[in-house]
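Welcome! Please take a moment to look over the chain below, and then we will walk through it together.

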Amino acid sequence: MEPADLNLVVLTGALVLLAAVAAVRLSTRAGLPSLLVYLGIGLAIGESGLGLRFEDAELVQVLGNVALAMILAEGGFTTRWATVRPVAPLAVVLATLGVFLSVAVTTGLAYWALDVDLRTAIVLGAVASSTDAAAVFAVLRQMAVRGRLRAVVEAESGFNDPPVIVLVTVVTSDAWDEAGVLGIAALIGYQLVAGVVLGALVARAGVWLLARSALPATGLYPLATVAIAFLAFAVSGLAGASAIMAIYVAGLVLGNARLPHRGATDSFVEGLAWLAQIGLFIMLGLLASPSRLLDALPTALLVGGALTLVARPLSVLVCATPFRVPLRDQAFISWAGLRGAVPIVLATIPMSVGLPGAERIFDVVFLLVVLFTLIQGPTLPWVARRTGAALEVGPRDVAIDAAPLDELDATLLQFAVPRDSRLAGVEVSELRFPPGTAVALVQREGALFAPHAATVLRGGDQVLVAAPRATTALIERRLRQVHREGRLAGWYAGLPRPPGVRRRDG
């Protein structure tokens, strides 16, 4: 490649990336996952737009798996285990039994209505049945939804990708002819369980190492954190386990640990996940051929309708009823099962292995994702209101960053006071931090000053706290308690709380 060619490639890439970043605002205001905009950009610069031809399905599959790994790692990293833990059993059942029920129903309808062989019908049903973590996070995190329901849908979207990926990989491989039903089930079970175990072990070891490391630059901590997540991905893959499951679990463990310089790591991981989404969806848009999509429209409508209106509601009903989930909540969970990158990437697997009818599967899934995202995304807030899932907008959680001071066995904690937080109006002494803790510095409207006991915190303040390392967890818990409940938080343990001093849902 000549230097001039390299400059042209970099220029094109930079312009496409800037256009994709700018498009996020448009998609957010429309209530749509940004994937639709990125797919549109890919189609616009593809063979039917600017004429760029791209037909390497195998390359898309490889790069797509790496991008999905980053997206799932970020999904796990930003998921609070304290929120997920109460709903984890339901989420796991939805992500396993629920997905396989959806696959079975969709497969049966496809086999009966589309005149395809059983293998193709299973692949089509499996590819279309997985909800997508990136799409779900993008839409739900712009909405005020009851904490339990949000946790169920987000956890399911993270957990259900690996089982479907394993199922599609097995059905499109030689195992379809060589292994029986029990053999395939055992292989899927091993990959999922081993992925969970290896992901958790690698992440726990990484947390131990990071907590005892004093790296010379803040920017090295985010790099090390992402490297640990991908180490779990690689180790699980080499062990024949589900690498996608491993990196999601690793992200979950890392995201719920007390990591040094947490704020910098959050921003870095979020940026990488956005880059992965942008690159992945544009690449998938390039791979699609608009000239073939019109022929796939009837099949996409049939399969998507069957999945959205029959298979998904039925699977949620079967899985959620034993957990005594009300029907109204079940309706919201069912409608919130958005499709996105995962089904389209999975649809490249049959193409890369040369499965008969693979191009048709890809076209059907591509159209299905686009059409039903256009339907479900914008209508989800209305469904949330109709089913009682919507919440009035409440205060944002207080974000806390920690940096270790190894030689002093101490920690610096930094937090911002949200303008709608109950921390605003609280005196420093009323925070009632553990002994040995000092509120060292406050930044207010660009000015720095050392606070005293009677200093009143205001919305927008940036506060720096120095504390013994052993008290870090207590201080973080106390800050979040006062943030939610005000200066009297903790005084009413075991007693009726007066009006205005209550726990928030979620």
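Helices here are DSSP runs of H or I with at least four residues, while strands are runs of E with at least two, both numbered from the N terminus. Counted that way, the chain of this predicted model has 20 helices and 5 strands.

| Property of the chain | Value |
|---|---|
| Buried residues, out of 506 residues | 50% |
| Contacts joining residues at least 24 apart, among contacts between residues at least 6 apart in sequence | 78% |
| Accessible surface | about 23,000 Å² |
| Share of the accessible surface belonging to carbon and sulfur atoms | 65% |

Now let us visit a pair of helices. Helix α3 covers residues 57-77 and helix α13 covers residues 243-255; their axes are 7 Å apart and pack at an angle of about 30 degrees. Because that angle is under 35 degrees, α3 counts as roughly parallel to α13. The crossing of the two helices, α3 and α13, is right-handed. On the α3 side, the residues that meet α13 include Leu68, Leu72 and Phe77, and among their counterparts in α13 are Ile247, Tyr248 and Leu252.

Is Thr120 buried or exposed? Its relative accessibility is 11%, so Thr120 counts as buried, the cut-off being under 20%. The side chain of Thr120 makes a polar contact of 2.8 Å with the side chain of Asp117. Beyond its neighbours within four places in sequence, Thr120 is in contact with Pro356 and Ile361.

Methods: Residues are numbered from 1 along each chain as its sequence is written. This is a predicted model: local features need pLDDT of at least 70, side-chain atom pairs count only at pLDDT 80 or more; totals for chains, interfaces and linings use all residues. Side-chain values use heavy atoms; hydrogens and water are left out. Buried means under 20% relative accessible area, exposed over 50%, partly exposed in between (1.4 Å probe, protein chains only). A polar contact is a pair of N or O atoms within 3.5 Å; within protein, one must be able to donate a hydrogen and the other to accept it, and residues adjacent in sequence count only if both atoms are side-chain atoms. Contact means heavy atoms within 4.5 Å. Accessible areas come from the Shrake-Rupley method with a 1.4 Å probe; for residues, only the protein chains shown count as cover. Axes are lines fitted to C-alpha atoms, for helices over the stretch in contact, and angles run from 0 to 180 degrees between N-to-C directions. Angles under 35 degrees count as roughly parallel, over 145 as roughly antiparallel, 65 to 115 as roughly perpendicular and the rest as oblique. A crossing is left-handed if the near helix is turned anticlockwise from the far one by less than a right angle, and right-handed if clockwise.
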